[in-house]
Amino acid sequence: MTNIQIGGIVLLSCTCVFIWSWLSNQKKSYFLSVVLLLLGGIILRCFVSSDNYLHKWDERYHALVAKNLIEEPFKPMLYKQAVLPYDHKDWNRNHVWLHKQPVPLWTMAIGLKIFGISPFALRIPTILLSTIAILLTYLIGYHLYGRRVAWLAAFLHAIHGLIIELTGGRVATDHIDVFFMFFIELAVYFAIISVRKDKNWLLWILIGISTGFAILSKWLPALIVFPIWLSLNLHRKKLSLQFFVPLLISFFIVIVISAPWQIYIFQTFPSEANWESSYNMMHFNQVLSGRSGSFFYHFDKIRIIYGELIYLPILWLIYYTIKKRSFKLLALGLWIFIPILFFSLAKTKMQGYTLFIAPAIFVVSAVFWEYLSILKKRTRFLWLTNLILALLLILPIRYSFERVKLFNSNEKTPHWTLKLETMAEQVTESNAVIFNVDSPIEAMFYGNFTAYSSIPKKRKLINLQTKGYDIYILKSENLDVSSYKSIQGITILDLQ
């Protein structure tokens, strides 16, 4: 069956499932409606995640580090054996790898341990969290505005193109941003529930745990949870010391969860930890990896990510928050605007930086859609209102279609991946080092050897042999291997 045929089946299946879910919601079969939403969401995520190869940015690095964590969970490593000299500041070639926080990597390592070493196994934890996040969006929408808003918000989440692509590892920074969004959304959900239940210590602890795991997924922007929580509690007339007790308890739990890893890496890997800490700050002060953009980069990007009419719900949110003094809308507004403003000030710009505002945008879009649905009954411009209502759905669906690439004719298992799998089958020695490999990071994911793209001088090769390494050189069209055949003990690997 071709990729285009599979894409057609996925499109037809998801269309039927989402229509069935909508009809079930209309008939008040709410449980079935939510289950079908999750089913449609996971079908799309599994389809994108079925690419049987590692994507270059940044999935291949996360994959290799996760694989190495299986054996040494408290020593994140890219190159497990640093055979050649390396710079600890070079995150895509170094040995100890602290470029990302550990929770997503640990979870991916569990996936690889349970399901085997494969790209899909790596993505299973992200698929699950990305799907559960749809449910969280539904629950947040339900508790704030009811089931109609909840369904639409969850639908927008289920089909969202960028989230689906990140789940499948296709774009930077892939799984990390999905984990980050999930734990922030989980903490916000617990915060919403806690507002209705005074002195519920368990919920305060769960907020702290979720926020702590969010920090251990990507870092301190996770603290956005606390302004959201405070805004939800502003309806209380007395801001006494007791008002801040839940905040202090949760914040203490955040420190208990997230601080030990930071202390550990600074004590165990001081050079790498100090560099990564300073490198994180550089994102704010410098343009890194050519990821530049104006102050309005993120304001402009949301029209692409969420649909060109997203500015209408955003402007409505601002207007109605002020007019109605709605603490619920204020909470959603803070969830959206604080991250956008913060990352707008940073010099380095990437679309994934503000992904964790997505659930709030889905809920605001759904609330605005519901508002227009009621308004159109008494407006003179019925045609315009209907057009806006239609486009608020059509544009995100179009964006999803573009991102998911249902009818992409590219091979799911490209030839170069098969070549790496063959290499892993032929070279089984743990002390083997293979040079002249085009995709060394991906190669080490499949095999238990060390791989490099370049070839060192002959003197270095001989020196490595004396240290007990088995040296392989991968034959290629542009390489004259005759000069290496004279070195005793070197194996020329021919996979052509």
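Tutor: A salt bridge here means that a side-chain nitrogen of Lys or Arg lies within 4 Å of a carboxyl oxygen of Asp or Glu. The model is a predicted one, in which local features need pLDDT of at least 70 and side-chain atom pairs count only at pLDDT 80 or more, while totals for chains, interfaces and linings use all residues. Residues are numbered from 1 along each chain as its sequence is written, and side-chain values use heavy atoms, with hydrogens and water left out.

As background, side chains of opposite charge can pair when their charged atoms come close. On the criterion above, the structure holds 14 salt bridges.

One of them joins the side chains of Lys475 and Asp494, with an N to O distance of 3.9 Å. The two are 19 residues apart and link distant parts of the chain, since Lys475 sits in the loop between β3 (470–474) and α21 (482–485), whereas Asp494 belongs to the segment after β4 (491–493); these labels follow DSSP runs numbered from the N terminus, with helices being H or I of at least four residues and strands being E of at least two. With a relative accessible area of 31%, Lys475 is partly exposed, and Asp494, at 43% relative accessibility, counts as partly exposed too. On this scale, buried means under 20% relative accessible area and exposed means over 50%, with partly exposed in between, for a 1.4 Å probe and protein chains only.

The next pair to consider is Arg123 and Glu59, whose side chains meet in a salt bridge at 2.7 Å, N to O. Arg123 lies in helix α5 (residues 119–145) and Glu59 in helix α3 (residues 59–69), so that this pair, too, links distant parts of the chain, here 64 residues apart. Arg123 and Glu59 are both buried.

Finally, the side chains of Glu165 and Arg403 form a salt bridge with an N to O distance of 2.4 Å. Because Glu165 is in helix α7 (residues 161–167) and Arg403 is in helix α17 (residues 382–404), the pair ties together parts that are 238 residues apart in sequence. Glu165 counts as buried at 4% relative accessibility, and Arg403 counts as buried at 15%.
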